[in-house]
Amino acid sequence: MAQNQRRFNVTNHQIPIPTLHQSTTNTTGTDTGTSTRASKTASSSDLSILTRFHAGYFRISLALCSQALLWKTLAEPTTDARALSSIVRTIPSFAFILLWSIALLTLLLLCLLYLVRCFLRFRSVRAELAHHVGMNYLFAPWISFLMLLQATPFLQPDNRLYRILWCAFSVPIVVLDVKIYGQWFTQGKRFLSMVANPTSQITVIGNLVGAHVAAQMGWKESAVCMFSLGITHYLVLFVTLYQRFLGSDSLPAMLRPVFFLFIAAPSTASLAWDSISSSFDTGCKMLFFLSLFLFASLVSRPALFKRSMRRFSVAWWAYSFPLTILALAATEYAQDVKGVIPNVLMLVLSVLSVVVTLALMVFTALKTNDILPHDDPFVCYNIARGTST
Amino acid sequence: MEQTELQVEIPSVLKQTSCQNIKDFDCVDYGNGNNPNPSENAISDKESYGESIAAFKVTNLERQEVVLISLPASPSGLHIGQTKLVLHSEKCENTDQNDTKNPYPQLAKQKKFHSQPILVRENGDRKVVHSEAIRDHRFDPFKTWSGRLERQISNLRGKPTQEPDIEAGPSEREEIEEAPGVDRYFDALEGPELDALRATEVSVLPEDEKWPFLLRFPVNAFGICLGVSSQAILWKTLNTSPAMSFLHISPMPNLILWWAALALILFVSFVYLLKIVFYFEAVKREYHHPVRVNFFFAPWIACMFMALAVPPSIAVNLRPFIWYILMTPIFILELKIYGQWMSGGQRRLSKVANPSNHLSIVGNFVGALLGANMGLKEGPLFFFAVGLAHYIVLFVTLYQRLPTNAALPKELHPVFFLFVAAPSVACMAWAKIQGDFDYAARIPYFIALFLYMSLAVRVNFFTGIRFSLAWWAYTFPMTGASIATIKYTMAVTNVVTRSLSVCLSAISTFTVSTLLVYTIVHAFVLQDLFPNDISIAITRKKPKFSKMLSHFRSSSADSKDFDSSISKNSEI
């Protein structure tokens with residue numbers, strides 16, 4: 001399949017990408033001549049949406065579902081939101097239901113699209129499974145479902161349906177765990193040192209969210225089981241990511257927003273341990289402080305994100321979910337440690353996460369063209385892998 | 001005193017020979033016409049920036065006329081055709097000038113090249129020369145704003161030292177103004193502290209001459225403060241802890257050591273502050289050095305040691321605001337350095353990890369210990385968490401001895417003692433935060449003890465290593481381990497732990513005293529406590545003919561031969 005690889009355009013992402021012409025016309029990959037951006041636009045059809053769609057779009061659902069969870073937590077009567085409670089109380093309850101429904105609809109739509117893609121573009125999906133960034137986003141739908149379950153206003157945690165749904169959403173996570181974590185230390189081409197990148201933390205987050213919901217249901221053993229899976233692999237991953245064997249080459253510059261996942265993982269671990277041990281003890285605090293430090297560290301390095309901020313893309317949605325989880329952890333922290341500073345933290349982080357999510361929604365509405373761009377490096381890289389196998 | 005200035009393009013040197021009273025070509029006269037004193041800075045400069053001048057003096061019996069010819073002779077490849085003659089006369093001694101634009105023909109020029117390097121100098125006159133007339137401009141690029149600050153200050157003081165701005169070639173100035181990338185440090189330097197120049201490299205500043213004191217004062221000097229203040233903590237703990245009361249230690253050693261440490265900290269901080277003010281470029285280069293950057297944590301850690309070691313007779317309860325003041329610089333430095341590790345790029349951890357990085361981690365634990373001592377709760381936990389997470393990363397990385405890691409020394413070196421520092425301070429911090437020496441504190445303690453033992457049994461491998469000021473920084477882990485053992489003895493009191501405490505305290509005190517003797521000997525007898533700080537004087541780009549350099553260096557050629565051959569080669 002050398003013909004596929006022949007025409008490569010190097011975009012500002014500095015990754016050789018095949019021209020989209022190949023993917024839309026012929027999956028066997030005959031080269032159909034020169035292609036420019038104009039011709040790409042002209043030749044895109046509905047089917048190309050499926051090709052350009054990939055699991056990374058679940059970032060949107062992650063963000064919306066975590067927002068729903070944040071709003072629910074803040075509005076709960078047991079939560080002493082102090083400064084925020086005045087705002088939160090004024091919002092009518094149907095607004096929460098609306099947010100939850102929007103999140104659910106988005107998630108269902110994305111799942112549907114992905115299912116169709118599985119049927120019609122199975123090769124792409126297989127290529128995605130093999131990609132070191134793509135494989136981690138397979139956890140994202142299950143994480144979104146779990147958070148939605150937790151945020152639902154309709155079911156209580158001790159409800160039978162609730163538990164069935166938890167099982168339904170956690171089993172895929174465990175299956176994916178076995179596959180991906182097993183690959184880390186057994187499979188030649190996909191050792192951890194080769195594939196480690198910041199999105200690998202999504203696998204860890206999946207386990208921790210499962211543990212969090214399980215503990216709230218009262219199933220402590222399953223919770224501890226998933227927690228230990230998550231935290232062990234988090235330890236290994238944290239060390240590996242910090243060592244940065246591959247430097248920043250493993251991640252295209254457009255995907256730099258996923259660095260915010262460094263914040264999400266310890267916050268989720270803190271929340272999970274909080275539900276398991278029923279109090280925000282020292283371990284939870286230490287994890288929360290670690291994620292606060294990483295947040296400060298990333299926020300003070302704007303140069304890291306400059307290139308990815310030049311153009312809107314779905315990667316921008318990666319900013320929202322970690323901020324929301326951090327705000328949730330800050331809320332739990334403020335429940336336990338009374339004082340001015342924890343409450344200020346909670347206020348600031350919650351406001352920040354809401355503002356960021358709203359801004360992202362506005363951007364998405366305004367720049368629908370960019371949300372499905374023509375040269376998303378991730379999808380084209382998949383296509384190259386897909387058509388070359 | 002007449003001053004005339006004449007600038008003439010000299011086609012040949014012969015024109016000069018018609019002047020009267022020309023001494024030897026290389027001699028410079030200082031004003032007593034009878035006395036041909038060849039002297040002043042007749043030192044051949046191997047690599048120097050900017051133009052070079054051959055000072056050529058003519059003296060007159062009645063009036064001193066100084067005729068100066070400036071000839072480019074440095075290997076930087078300036079045109080031979082640029083010769084300028086400045087003739088002026090004055091009563092002063094040696095004045096050179098090469099900038100025709102200069103309306104004040106007095107003062108000093110920098111790099112002086114004599115056509116035949118003759119290292120004859122007259123000390124007495126030289127001193128006069130230096131203090132009044134000549135400013136050595138070779139070190140200008142390392143000075144703050146390239147020496148302009150110093151000129152401003154001299155102007156303010158009323159000294160008419162208006163000098164021309166030496167127009168170094170733009171590439172050369174840029175070379176100094178931007179610090180070298182981290183790769184250059186690894187390429188150019190070797191050794192466990194990255195302080196020895198490789199044979200294939202050259203230094204930007206003259207190597208065989210003593211540089212100004214401030215330039216030679218490294219940030220490692222704060223290691224002395226660390227060593228002495230940690231000793232103060234040890235003696236305070238020996239005095240106050242009930243488990244060690246059988247030794248009957250008086251509070252005097254703690255008091256003396258504390259005042260000594262205070263004096264040292266103030267002195268070292270003052271000198272380094274001067275270095276920041278006057279030699280900011282050199283400080284910048286130290287900051288970019290992969291090993292030295294960790295020593296920028298040392299002043300704050302030393303201050304925290306002082307707060308921990310404060311004798312009961314002076315203060316018992318310290319105010320929390322001290323903790324916030326001391327932790328802020330550590331927090332900012334941490335954000336920078338850990339962020340560099342995480343975001344990859346040039347300074348990713350797999351590349352730059354070296355044992356001195358422990359200094360950046362220990363700051364967190366010391367801060368946690370101090371905060372817990374003061375009664376704070378959340379702040380110490382914050383820094384403990386951050387320190388623990390990054391310590392795990394660093395520990396694994398260093399233990400792995402990655403092949404991509406260039407900075408780890410192959411042979412044993414006192415720097416390895418820094419491994420003991422983090423776990424011993426961490427266990428004390430955790431014990432203080434939790435309130436008692438529980439299992440979570442004992443685990444790091446035993447790890448620290450194990451690392452100590454594995455280094456102590458290899459002590460014979462430590463001989464034969466060149467003494468450096470940084471060794472002081474390696475004593476505080478030993479002291480830290482002793483203090484942790486004393487705290488452990490307070491929790492588990494029996495003969496074994498007591499004897500272990502006594503033993504470790506004795507070892508650390510003995511080491512510090514030996515180091516003190518060494519330091520005094522090197523400072524006053526051998527006078528090489530502050531050698532030229534080569535590691536900040538590396539070139540930004542790899543020098544050409546580096547192989548030839550290594551050949552010349554290793555064959556122990558004369559510096560003159562070296563210089564002449566370089567000049568020849570650069571003109572090819």
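Colleague: How many residues of chain B are in contact with chain A?

Modeller: In this predicted model, 32 residues of chain B are in contact with 27 residues of chain A. Contact here requires heavy atoms within 4.5 Å.

Colleague: What area is buried between chain B and chain A, and what share do carbon and sulfur atoms give?

Modeller: The buried area is about 2,500 Å², and carbon and sulfur atoms give 73% of it. On the chain B side, Leu335(B), Met342(B) and Glu378(B) lose the most area to chain A, together 27% of what that side buries.

Colleague: Why is the pair Lys285(A) and Glu378(B) called a salt bridge?

Modeller: The side chains of Lys285(A) and Glu378(B) meet at 3.4 Å, N to O. The cut-off is 4 Å between a side-chain nitrogen of Lys or Arg and a carboxyl oxygen of Asp or Glu, so the pair qualifies. Across the interface of chain B and chain A the rule finds one salt bridge. It also finds four residue pairs in polar contact there, both residues being at pLDDT 80 or more.

Colleague: Which helices of chain B supply at least two residues each to the side that touches chain A?

Modeller: They are helix 11 (320–343), helix 12 (349–352), helix 14 (378–400) and helix 15 (418–434). Helix 14 gives the most, with 14 residues. By class, that side of chain B has 18 nonpolar, ten polar and four charged residues.

Colleague: Which residues touch the most other members of the largest nonpolar core?

Modeller: That core has 250 residues, and Met147(A), Phe288(A), Phe142(B), Leu226(B) and Trp341(B) touch the most other members. Helix 15 of chain B provides the largest share of the core, twelve residues.

Colleague: What does Trp341(B) touch, not counting residues up to four places away in sequence?

Modeller: From chain A, Trp341(B) touches Tyr242(A) and Arg244(A). Its contacts in chain B include Arg347(B), Leu349(B), Ile361(B), His390(B) and Leu394(B).

Colleague: Why does Arg216(B) count as buried?

Modeller: Its relative accessibility is 11%. Arg216(B) lies in helix 6 (residues 213–216) of chain B.

How values were computed. Residues are numbered from 1 along each chain as its sequence is written. Chains are lettered from A and ligands numbered from 1 in the order in which they are written. This is a predicted model: local features need pLDDT of at least 70, side-chain atom pairs count only at pLDDT 80 or more; totals for chains, interfaces and linings use all residues. Side-chain values use heavy atoms; hydrogens and water are left out. Helices (H or I, at least four residues) and strands (E, at least two) are DSSP runs, numbered from the N terminus. Buried means under 20% relative accessible area, exposed over 50%, partly exposed in between (1.4 Å probe, protein chains only). Buried area is the accessible area (1.4 Å probe) that two parts lose on being put together, summed over both. A polar contact is a pair of N or O atoms within 3.5 Å; within protein, one must be able to donate a hydrogen and the other to accept it, and residues adjacent in sequence count only if both atoms are side-chain atoms. Ala, Val, Leu, Ile, Met, Phe, Trp, Tyr, Cys and Pro count as nonpolar, Asp, Glu, Lys and Arg as charged, and the others, Gly among them, as polar. A nonpolar core is a set of buried Ala, Val, Leu, Ile, Met, Phe, Trp, Tyr and Cys residues joined through side-chain atoms within 4.5 Å.
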